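This briefing covers one protein model, topic by topic. Please have the sequence and the 3D view open while reading.

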Amino acid sequence: MYHGSRNAELSFFPAICFTESESAASAYGPYLHSVDINRSALNILTVEMTGEAFREAIDNQEWPCDRDAEIAQRIAEGYTAVAYTDCDEHGTSHDCIRILTADAFANALGVIA
């Protein structure tokens with residue numbers, strides 16, 4: 001999976017996103033980090049983005065677990081990651097996974113290239 005960033009070093013922050021799409025990840029910054037993620041080490045909530053919810057997210061630029069309160073809620077529910085369909089600023093949709101906690105990040109991240 002890939003994470004696009006403005007930072008040369010890959011480091012955890014709450015709700016860090018990864019996608020299978022190299023081109024989508026590269027839209028988020030000049031540095032592209034390639035990782036292996038062990039999904040079995042995560043408790044993943046899959047959020048189904050209906051057409052209406054997807055359009056709302058684009059219009060409001062607010063995606064699942066964008067806000068601290070929702071991150072805290074999902075962690076309290078026992079989730080360590082959220083999977084959903086995202087959209088970059090160029091309108092390209094892509095599936096992504098957000099890792100919510102530093103422990104989950106450390107346990108699930110494999111090889112970093």
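Buried means under 20% relative accessible area, exposed means over 50%, and partly exposed lies in between. By that cut-off Arg 74, at 18% relative accessibility, counts as buried. The model is a predicted one.

**Helix α3**

- Arg 74 is part of helix α3, and it is buried because its relative accessibility of 18% is under the 20% limit.
- Beyond its neighbours within four places in sequence, Arg 74 is in contact with Leu 45, Cys 65, Tyr 79, Val 82 and Leu 100.
- Ile 75 is also found in helix α3, but with a relative accessible area of 34% Ile 75 is partly exposed.
- With neighbours within four places in sequence left aside, the contacts of Ile 75 are Leu 100 and Thr 101.
- Ile 75 and Asn 43 are 32 residues apart along the chain, and 9.8 Å separates their C-alpha atoms.

**Strand β5 and its partners**

- Six of the seven residues of β5 are buried, so the strand is largely enclosed by the rest of the structure.
- β5 pairs with strand β4 (residues 44-46) in the parallel sense, over three bridges; in this pairing Ile 44 stands opposite Ala 81 of β5.
- β5 and β6 run antiparallel and are joined by seven bridges, and Cys 87 has Ser 93 in β6 as its bridge partner.
- The β5 and β6 strands form a hairpin with five residues between them, and Gly 91 in the turn has a positive phi of about 90°.
- Val 82 lies in β5 and counts as buried, at 1% relative accessibility.
- Not counting residues up to four places away in sequence, Val 82 touches Ile 44, Leu 45, Val 47, Pro 64, Cys 65, Arg 74, Cys 96, Ile 97, Arg 98 and Leu 100.

**Nonpolar cores**

- The largest nonpolar core has 14 residues, of which Phe 18, Ile 37, Leu 42 and Ile 99 touch the most other members.
- At least two residues of this core come from each of β2, β3 (31-37), β6 and α4 (102-108).
- α4 gives the most to this core, with three residues.
- Another core, of twelve residues, lies apart from it and includes Cys 17, Cys 65, Cys 96 and Leu 100.
- Ile 37 touches Met 1, Phe 18, Leu 42, Ile 97, Ile 99, Ala 108 and Leu 109, residues up to four places away in sequence not being counted.

**Positive phi in two loops**

- Most residues other than glycine have a negative phi.
- Ala 15, in the loop between β1 and β2, has a positive phi, near 70°.
- Ala 15 counts as buried, at 5% relative accessibility.
- Cys 65 lies in the loop between α2 (51-60) and α3 (68-76) and has a positive phi, near 65°.
- Cys 65 is buried, with a relative accessible area of 1%.
- Cys 65 is also among the contacts of Arg 74 and of Val 82.

**Largest pocket**

- How much space lies in the largest pocket? The volume is about 650 Å³.
- Its lining consists of 30 residues, and Phe 13, Cys 17, Tyr 28, Asp 86 and Arg 98 lie nearest the centre of the pocket.
- β1 (2-5), β2 (16-19), β5 (81-87) and β6 (93-99) each supply at least two residues of the lining.
- The largest share of the lining, four residues, comes from β1.
- By class, 15 lining residues are nonpolar, eight are polar and seven are charged.

Key: Residues numbered from 1 in each chain as written. Predicted model: local features only at pLDDT ≥ 70, side-chain atom pairs only at ≥ 80, totals over all residues. Heavy atoms only, no water. 1 Å grid on protein atoms, 1.4 Å probe; cavity = no way out; pocket = protein on both sides within 12 Å on 5 of 7 lines; lining within 4 Å. Points joined across faces, edges and corners; volume = space filled by probe spheres on them. Nonpolar A, V, L, I, M, F, W, Y, C, P; charged D, E, K, R; others polar. Buried < 20%, exposed > 50% of the residue type's maximum accessible area, 1.4 Å probe, protein only. Pairing = 2+ DSSP bridges. Core = buried A, V, L, I, M, F, W, Y, C linked by side-chain atoms within 4.5 Å. Contact = heavy atoms within 4.5 Å.
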